[in-house]
Amino acid sequence: MRVGILGAGAAACGAAAQLSVMGHEPILWSPSGRSTEALAAGAPLRATGAIEASFHPHIAANAAEAVVGTDAVMLAMPIAVCLSSTIPKLIRSINCCTTA
């Protein structure tokens, strides 16, 4: 299953690690891009604790890439950020991709 994860903090990366272990395909997206720069450049996502492994999740370049064609979407960021910028940005991105 392809799962878009909107966010790239601890919760998002933990979810990506768990999804990878379970055989799913996580797609991380960081609204600023700063949190995923190293991963986008090829650095592995290293999980320590209950899961001890390295992964290479797909890094979405934009919000639309993180959600279009996925089976599920996970919001992994503060609700204030979602409502004030992420959801509007996501709507604009999807509208750009779906209008002819």
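1. Phe 55 touches Ala 17, Ser 20, Val 21, Pro 44, Leu 45 and Ala 47, leaving aside residues up to four places away in sequence; contact here means heavy atoms within 4.5 Å. A second, separate core of eight residues includes Ile 27, Trp 29, Ala 60 and Ala 66. A nonpolar core is a set of buried Ala, Val, Leu, Ile, Met, Phe, Trp, Tyr and Cys residues joined through side-chain atoms within 4.5 Å.

2. On the source: this is a predicted model, in which local features need pLDDT of at least 70 and side-chain atom pairs count only at pLDDT 80 or more, while totals for chains, interfaces and linings use all residues. Residues are numbered from 1 along each chain as its sequence is written, and side-chain values use heavy atoms, with hydrogens and water left out.

3. Confidence. The mean pLDDT (the predictor's confidence in each residue, from 0 to 100) is 85 for the protein, and 81% of the residues score at least 70. Where pLDDT is low, the predicted coordinates should not be read in detail.

4. Layout. The protein has four helices and six strands, in the order β-α-β-α-β-β-β-α-β-α from the N terminus. Helices (H or I, at least four residues) and strands (E, at least two) are DSSP runs, numbered from the N terminus. Of the contacts with a separation of 6 or more, 59% join residues 24 or more positions apart.

5. Surface. The protein exposes about 5500 Å², and carbon and sulfur atoms supply 60% of that area; accessible areas come from the Shrake-Rupley method with a 1.4 Å probe, and for residues only the protein chains shown count as cover. Of the 100 residues, 37% count as buried. Buried means under 20% relative accessible area, exposed over 50%, and partly exposed in between (1.4 Å probe, protein chains only).

6. The largest nonpolar core. Of its 16 residues, Ile 5, Leu 28, Leu 45 and Phe 55 touch the most other members. Strand E1, helix H1 and strand E3 are the elements that give two or more residues to this core. Helix H1 supplies the largest share, six residues.

7. Helix H1 (residues 10-21). Its 12 residues should span 16 Å at 1.5 Å a residue, and the end C-alpha atoms are 17 Å apart, which agrees; the expected span is 1.5 Å times one less than the number of residues. Ala 12, Cys 13, Ala 15, Ala 16, Ala 17 and Leu 19 are the buried residues of H1. Their cover includes strands E1 (2-6), E2 (25-29), E3 (45-47), E4 (53-55) and E6 (72-75). Just after H1, Gly 23 takes a positive phi of about 90 degrees.

8. The salt bridge. A search of the whole structure finds one, defined as a side-chain nitrogen of Lys or Arg within 4 Å of a carboxyl oxygen of Asp or Glu. The side chains of Glu 25 and Arg 2 form the pair, at 2.8 Å, N to O. Glu 25 lies in strand E2 and Arg 2 in strand E1, so the bridge ties together parts that are 23 residues apart in sequence. Both count as partly exposed: Glu 25 at 34% relative accessibility and Arg 2 at 28%.

9. Ser 30. This residue sits in the loop between E2 and helix H2 (37-40). Ser 30 is buried, with a relative accessible area of 6%. Not counting residues up to four places away in sequence, Ser 30 touches Ala 8, Ser 35 and Thr 36.
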